[in-house]
Amino acid sequence: MASRRKFFSSVASISLSSLIPMQMYANTASKFSPPTRKFPKALKNGDTIGLIAPGYAFPKDVLEETENTLKALGFKTYHTDRVLERHGYFSNTDDKRAADINHMFQNSNVDAILCIRGGYGCTRIMEQLDYGAIAKNPKALIGFSDVTALLNGIFKMTGLVTFHGPVGSTLDDDYSIKSLQKVLSPATDDITIENTELEAKYQSNPEYERYTITPGIATGRICGGSLTLINALIGTPQEIDFTDALVFIEDVEEAPYRIDRMLTQLIESKTFKNSAGIIFGVCAGCNESTNPDSFSLKEVILDRIRPLNIPSVYGMSFGHVKQNLTFPIGVHATFKTEGQTITLLEKPVS
């Protein structure tokens with residue numbers, strides 16, 4: 001994660017995808033603007049989950065553990081050899097990582113797609129995705145962190161509902177697994193997403209504090225994820241439209257001044273001030289600073305978000321934390337600051 005942030009600006013500016021003629025990409029994108037929403041099919045026992053690594057490389061044992069967990073839950077798994085190759089800090093080259101995603105959507109034997117890990121790299125391959133094929137083959141795509149770019153970008157370009165939830169390397173917690181199953185199961189009526197009980201060891205940690213920024217109730221379309229990646233999409237064809245949306249935000253190991261800077265950029269973007277609601281997860285490692293005069297994470301968030309007068313909270317159970325709830329990008333829901341609950345107003349799967 002630290003390497004991703006350190007090199008983001010320089011690496012993004014020389015992305016191989018930038019060599020694609022913009023007119024060609026504009027023609028492709030225009031086919032899906034505005035897109036008709038598409039709902040992936042629900043997951044059931046015996047379904048095959050395709051495993052991809054759209055960002056960083058990972059140890060082979062992480063893949064094995066992910067496969068074992070999914071098989072214990074009643075699923076089959078499938079992956080290509082591309083996920084086990086390495087290209088610097090990436091799991092593979094841009095071309096091959098994009099090809100793996102396109103392959104999983106086009107493969108009729110794959111029922112859903114789970115990212116093995118995040119890290120960095122998804123923004124480099126956005127223009128190499130076959131959005132036409134993705135739109136024709138709707139299936140659940142699951143992940144978080146750097147995968148934020150894929151989740152929101154694919155929804156914007158194709159209308160496909162995607163899922164901000166655990167990646168393979170973090171699929172080792174009962175709450176996370178049950179939340180994922182709840183949202184993706186065929187029985188998806190009347191789903192209310194709630195926090196898990198906070199473990200005692202975290203109750204004195206200010207990064208896990210649960211508090212209301214601005215009270216209220218809001219209804220809107222779910223979007224968001226990693227603050228770093230939300231900001232990275234600004235100015236790209238996949239930039240998120242926050243108008244009347246419930247915006248989920250989290251990040252990890254960013255000093256308060258960096259959170260301040262990113263929130264300020266977000267607030268000054270085209271549509272963020274028109275959000276219906278703002279829901280922060282846990283920003284783990286974001287309250288630390290080497291500057292003794294630093295504002296705290298909470299002070300920064302209250303200073304930046306409260307003046308917007310939008311119903312908002314901090315501390316829901318998602319982000320770079322052990323207990324990570326799943327929420328569907330593109331689905332309408334009602335959010336209540338009291339109790340920090342999100343009730344889905346429609347089925348996220350067909």
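When I say that one part covers another, I mean contact, which is heavy atoms within 4.5 Å of each other. Please keep in mind that this is a predicted model.

Let me begin with helix α10, residues 297-305. Its buried residues are Leu 297, Val 300, Ile 301, Leu 302 and Ile 305. What covers them? The cover includes strands β7 (211-214), β10 (277-282) and β11 (312-319), along with helix α9 (256-267).

Next, Ser 176, which sits in helix α7, residues 174-184. Ser 176 has a relative accessible area of 0%, so it is buried. Leaving aside residues up to four places away in sequence, Ser 176 touches Pro 166, Lys 322, Gln 323 and Asn 324.

Now two backbone points. Most residues other than glycine have a negative phi. Ser 145 is not a glycine, yet its phi is positive, about 65°. Asp 244 also has a positive phi, near 55°. Where are they? Ser 145 is in the loop between β4 (140-143) and α6 (148-158), and Asp 244 is in the loop between α8 (227-232) and β9 (245-250). Is each one buried or exposed? Ser 145 counts as buried, because its relative accessibility is 4% and the cut-off is under 20%. Asp 244 is exposed, at 51%.

Last, the surface. Asp 61, Glu 64, Glu 65 and Asp 172 form a negative patch there. One of them, Glu 65, belongs to helix α3, residues 60-72. Glu 65 is partly exposed, with a relative accessible area of 48%.

That's what I have.

Key: Residues numbered from 1 in each chain as written. Predicted model: local features only at pLDDT ≥ 70, side-chain atom pairs only at ≥ 80, totals over all residues. Heavy atoms only, no water. Patch = residues over 30% accessible without salt bridge, like charges linked within 9 Å, V, L, I, M, F, W, Y side chains within 5 Å. Areas by Shrake-Rupley, 256 points an atom, 1.4 Å probe, with all protein chains shown as cover. Salt bridge = Lys/Arg side-chain N within 4 Å of Asp/Glu carboxyl O. Lys, Arg positive; Asp, Glu negative; His and termini not counted. Charge placed at Lys NZ, Arg CZ, Asp CG, Glu CD. Helix = DSSP H or I, 4+ residues; strand = E, 2+ residues; numbered from the N terminus. Buried < 20%, exposed > 50% of the residue type's maximum accessible area, 1.4 Å probe, protein only.
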